[in-house]
Amino acid sequence: MKSAIAWSIVAIAMLGGTGVALAGDPKNDVKVEIETAEVHQGMEPGMFVCAEGHLHIKGTVQNLTGAPVGPVKVAGKVFDADGKLLGTATASTRQPVLNPNDKAPINLEFLTVTGPLIKQVKNQELAVVAVAPKP
C-alpha cells in the first residue's frame, strides 16, 4: 500500500450548488482526512474490516469556514495497484451543525469490498461532495 503520507492527503470540498453562502474560495473551506488513531494489523491507518466483512475508512471532516454549516457528505473510492476501481462509498457527518473549526467523524463503509478484494486495495480517494446549509 502507499506510504502513510499518501493517507494524510487532504481532500478539498466542492460546495457548488449547495446554497451555502461562505466567504473566500469555497474549495478551501471544508477538508476531510484519514484518522490515524486506530491501526489494524496489515492495514493502513484509518482502515478496518467490520464484523460483516466490509472494508471501512474512518476519517474526520473539519469546517474551515467562518460560518456554521450543516452535515457534510464525503465520497470515497478504493483502487487496486493497477488503478482499477474496487468500490465506492459515501458517508455524512451525523452532527446537525458543524461550527467553524469543529471536527466530526465519518465512517465510509465499502459494501462491495469484502474478502480477497480487501487485500487488493492499494490506493484511495476521499472528497467532500456536499455541504448542507446550517439548519
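Begin by selecting Leu55, Val61, Val72, Val74, Val78, Leu108 and Phe110 in this predicted model. Within the largest nonpolar core, which has 26 residues, these seven touch the most other members. In soluble globular proteins, nonpolar side chains tend to be buried together.

Next, colour the elements that supply this core. Two or more residues come from each of strand E2 (30-34), E4, strand E5 (72-79), strand E6 (85-92), strand E7 (103-114) and E8. Which element gives the largest share? It is E7, with 5 residues of the core.

Select Leu108 and display the residues around it. Leaving out residues up to four places away in sequence, Leu108 touches Leu55, His56, Ile57, Val74, Ala75, Gly76, Ala89, Thr90, Ala91 and Leu126. Two of these contacts, Leu55 and Val74, are also listed with Leu108 among the core residues that touch the most other members.

**The sheet of three strands**

Now hide everything except E5, E6 and E8. These strands form an open sheet in the order E6-E5-E8, with antiparallel pairing. E6 and E8 are the edge strands; each has a single partner strand, so one side of each lacks a neighbour in the sheet. On average, neighbouring strands here are turned by 15° against each other, direction ignored.

Follow E5 along its two pairings. With E8, E5 is joined by 8 bridges in an antiparallel arrangement. Select Val72 to find Val131 of E8 opposite, then move to Lys73, whose bridge partner in E8 is Ala130. Towards E6, the pairing of E5 is again antiparallel and extends over 7 bridges. On that side, select Val74 and look for Ala91, its bridge partner in E6.

Then trace the chain from E5 into E6. The two strands form a hairpin, with 5 residues between them. In the turn, select Gly83, which has a positive phi of about 85°.

**Val129, in E8**

Continue to Val129, placed in strand E8 (residues 123-131). Is this residue buried, partly exposed or exposed? Val129 has a relative accessible area of 35% and is therefore partly exposed.

**Thr60, in E4**

Move to strand E4 (residues 54-63) and select Thr60. Is Thr60 buried or exposed? With a relative accessible area of 14%, Thr60 is buried, because buried here means under 20%. Display its contacts, setting aside neighbours within four places in sequence: they are Lys31, Val32, Glu33, Glu35, Lys103, Ala104 and Ile106.

**The whole chain**

Finally, show the complete chain once more. How many helices and strands does the chain have? There are 2 helices and 8 strands. From the N terminus on, the elements run α-β-β-β-β-β-β-β-α-β.

Switch to a surface display to complete the tour. The chain exposes about 7200 Å², and carbon and sulfur atoms supply 54% of that area. Of the 135 residues, 40% count as buried. Among contacts with a separation of 6 or more, 69% join residues 24 or more positions apart.

Conventions. Residues are numbered from 1 along each chain as its sequence is written. This is a predicted model: local features need pLDDT of at least 70, side-chain atom pairs count only at pLDDT 80 or more; totals for chains, interfaces and linings use all residues. Side-chain values use heavy atoms; hydrogens and water are left out. Helices (H or I, at least four residues) and strands (E, at least two) are DSSP runs, numbered from the N terminus. Buried means under 20% relative accessible area, exposed over 50%, partly exposed in between (1.4 Å probe, protein chains only). Contact means heavy atoms within 4.5 Å. Accessible areas come from the Shrake-Rupley method with a 1.4 Å probe; for residues, only the protein chains shown count as cover. A nonpolar core is a set of buried Ala, Val, Leu, Ile, Met, Phe, Trp, Tyr and Cys residues joined through side-chain atoms within 4.5 Å. Two strands pair if DSSP finds at least two bridges between them. Axes are lines fitted to C-alpha atoms, for helices over the stretch in contact, and angles run from 0 to 180 degrees between N-to-C directions.
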